[in-house]
Amino acid sequence: MERTYLMIKPDGVQRGLIGDIVSRFERKGFTLIASKLMVVTREQAEKHYAEHHGRPYYDDLMSFITSAPVFAMVWEGDQVIALSRIMMGKTNTLEAQPGTIRGDYAVHTNRNLIHGSDSPENAVREIGIFFEPHELL
Ligand code: ATP
Ligand code: MG
């Protein structure tokens, strides 16, 4: 059984998509084991997106992700890391297929609604940035 860190970004929260997105993962058959509405601190954002430091979109990404509340979640299930990435759709919204979250609702790559961990190592790392162990049920 795997765990992943999923985060509805400020655009998804502001557009009222929390319910729709949570519902997709529930209906898929995954189990929600932690969630909270929170404002990401600069320190958390820098740790979370450390690998993107220096990229042209980095400053916008930092200010965007800390600009307003996100909905942070931990989900559990078989293959949840890879399957949730498929459900999210491709990073580049021009490549995100209809039926995926980004394909259905996102127009711009820098406002692509949701984050999902891309490996088991990053899942553990990211869960640790945003949640205390006792918050995982
Ligand atoms: P995330 O890590 O947010 O789940 P991802 O894994 O699909 O998204 P990454 O390559 O990790 O994509 O990029 C992290 C985030 O940085 C993207 O979700 C997007 O918001 C932003 N980003 C990445 N590439 C670009 C780009 N070329 N132009 C603008 N923003 C970008
Ligand atoms: Mg990523």
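The lining of the largest pocket has five nonpolar, ten polar and seven charged residues. Ala, Val, Leu, Ile, Met, Phe, Trp, Tyr, Cys and Pro count as nonpolar, Asp, Glu, Lys and Arg as charged, and the others, Gly among them, as polar. This is a predicted model: local features need pLDDT of at least 70, side-chain atom pairs need 80 or more, and totals for chains, interfaces and linings use all residues. Residues are numbered from 1 along each chain as its sequence is written, chains are lettered from A and ligands numbered from 1 in written order, and side-chain values use heavy atoms, without hydrogens or water.

**The pocket**

- The volume of the largest pocket is about 470 Å³.
- A pocket is an open set of points on a 1 Å grid over the protein atoms alone, where a 1.4 Å probe fits, with protein on both sides within 12 Å along at least five of seven lines. Lining residues have an atom within 4 Å of a point.
- Points are joined across faces, edges and corners, and the volume is the space filled by probe spheres set on them.
- The lining comprises 22 residues, and Lys-9, Tyr-49, His-52, Thr-91 and Asn-112 lie nearest the pocket centre.
- Two or more lining residues come from each of α4 (58-65), α5 (80-88), β4 (114-116) and α7 (120-130).
- Helices (H or I, at least four residues) and strands (E, at least two) are DSSP runs, numbered from the N terminus.
- α4 gives the largest share of the lining, three residues.

**The ligand**

- Ligand 1 sits in the largest pocket, meaning that more than half of its atoms lie within 2 Å of the pocket's grid points.
- Around ligand 1 are 13 residues, of which Lys-9, Arg-85, Thr-91, Asn-112 and His-115 come nearest. A residue is near if one of its heavy atoms lies within 4 Å.
- This shell has three nonpolar, seven polar and three charged residues.
- Polar side-chain atoms lie 2.4 Å (Thr-91), 2.7 Å (Arg-85) and 3.0 Å (Arg-102) from an oxygen atom of ligand 1.
- On its own, ligand 1 has 570 Å² of accessible area (Shrake-Rupley method, 1.4 Å probe). The protein covers 77% of that area.

**Backbone angles**

- Gln-79 has phi near 55 degrees, a positive value in a residue other than glycine. Gln-79 lies in the loop between β3 (70-77) and α5.
- Leu-113, also not a glycine, has a positive phi near 75 degrees. Leu-113 is in the loop between α6 (101-105) and β4.

Technical notes. A polar contact is a pair of N or O atoms within 3.5 Å; within protein, one must be able to donate a hydrogen and the other to accept it, and residues adjacent in sequence count only if both atoms are side-chain atoms.
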